[in-house]
Amino acid sequence: MTRLRTSVTDLLGLDLPIIQAGMSWASSSSALPLAVSNSGGLGVVAAGPMRLPDLTRVLDDMAAGTDRPWAVNLPLYRAGADEVIDLLLARRPPVLIASQGGPRRYLDRFHAVGTRCLHVVAGVSHALKASAAGVDGLVVVGAEAGGHPPPGMVTTQVLVRAVVSAAPSIPVIASGGVADGAGLAAMLALGAGAAQFGTRFLASSEATVHRSYQEAVLAAGVDDTRTVGRGLGVIRALSNDFTAQMAELEASGAEESLRRKVFQASSLKDAALHGDVAAGKVEAGQSAGLISEILPAAEIVSRITEEYAAAVRRLPQFEG
């Protein structure tokens, strides 16, 4: 198998610095993360929306389906997070990717069972705090990302470079706006040790989302997402009836109670599982505009690898 050695592949035991994002309903089964891990990258199970029995079954599938590293993504704000932590401690996943909370809540316990711990950050100050707490690596999310972008809306290029400069000794995974091998090359050039791909793997054969959701991603251009939810937990999603209504309320200065009512009436589940791409939250990144087809996850990994090599060859070399 082709190998590309970086700080992140050394840390996690990967062949390739390609991380599949933990995307709620899209990777709440074993199919997508198994395909990515078995292709040399890091497949990630999304524990956020899963009930404990379902998560238990998926963890069993992962352990049986690969001898390669894999991860579980856990948003620490989810209901029942402590019970999920207890389950994961018993199952000892190779890697934990945690977000939306402080690392001291879980770090020592997972290190004690041999799990590598990555923490999602959206700013330099958060990165420094997580690094000081002792996490093994950082996932740095820029404004282009789907789902929950950073509050300051700093681009991935600027934020990754700032974090790498401020905390040069900790491995960094860049996330947001990356859909192909050229994007991976750009992130490694900034000093990251890997790139995280979310929207690209949404458009995979193994992603457990409604076909209408995937078709909406394929139809989108790079300027067809918008951020809504100011003061409520900003999300980046494809433009549709829901985002238009939210944008109108925000522009008119509507009271928070009304904005919250509209925001909460729409859900990611409606779009991802039921295919309501008009009124649901069709969370996706700006990189949707770089994606034109649904492919098996293994082929996506292979193409990213080939595109990376081609991008590096295209770079001009010094003369003399």
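Modeller: A nonpolar core is a set of buried Ala, Val, Leu, Ile, Met, Phe, Trp, Tyr and Cys residues joined through side-chain atoms within 4.5 Å. The model is a predicted one. Its largest nonpolar core has 78 residues, of which Tyr106, Leu138, Phe201 and Tyr213 touch the most other members. Helix α14 (residues 297-314) supplies the largest share of this core, six residues. A separate, second core of 16 residues includes Leu11, Leu42, Val44 and Ala194.

Colleague: With which residues is phenylalanine 201 in contact, leaving aside its neighbours within four places in sequence?

Modeller: Contact requires heavy atoms within 4.5 Å. Phenylalanine 201 has such partners in Ile18, Ile19, Gln20, Met23, Leu32, Val36, Ala207, Ala297, Ile300 and Val301.

Colleague: Why do you say that the buried residues of α11 line one face of the helix?

Modeller: Buried means under 20% relative accessible area, and in helix α11 (residues 241-251) the buried residues are Phe242, Thr243, Met246, Ala247, Leu249 and Glu250. Seen down the axis of α11, they fall within an arc of 160 degrees, so they line one face. The face turned away from this buried side carries the exposed residues Asp241, Glu248 and Ala251. The buried residues of α11 pack against β9 (225-228), β10 (235-238) and α12 (256-265).

Colleague: What makes up the lining of the second largest pocket, by residue class?

Modeller: Its lining divides into six nonpolar, one polar and five charged residues. Helix α14 gives the most to this lining, with four residues. The volume of the second largest pocket is about 160 Å³.

Note on methods. Residues are numbered from 1 along each chain as its sequence is written. This is a predicted model: local features need pLDDT of at least 70, side-chain atom pairs count only at pLDDT 80 or more; totals for chains, interfaces and linings use all residues. Side-chain values use heavy atoms; hydrogens and water are left out. Buried means under 20% relative accessible area, exposed over 50%, partly exposed in between (1.4 Å probe, protein chains only). Helices (H or I, at least four residues) and strands (E, at least two) are DSSP runs, numbered from the N terminus. On a 1 Å grid over the protein atoms alone, a cavity is a set of points where a 1.4 Å probe fits but cannot get out, and a pocket is an open set with protein on both sides within 12 Å along at least five of seven lines; lining residues have an atom within 4 Å of a point. Grid points are joined across faces, edges and corners, and a volume is the space filled by probe spheres set on the points. Ala, Val, Leu, Ile, Met, Phe, Trp, Tyr, Cys and Pro count as nonpolar, Asp, Glu, Lys and Arg as charged, and the others, Gly among them, as polar. The arc is that of the directions from the helix axis to the C-beta atoms.
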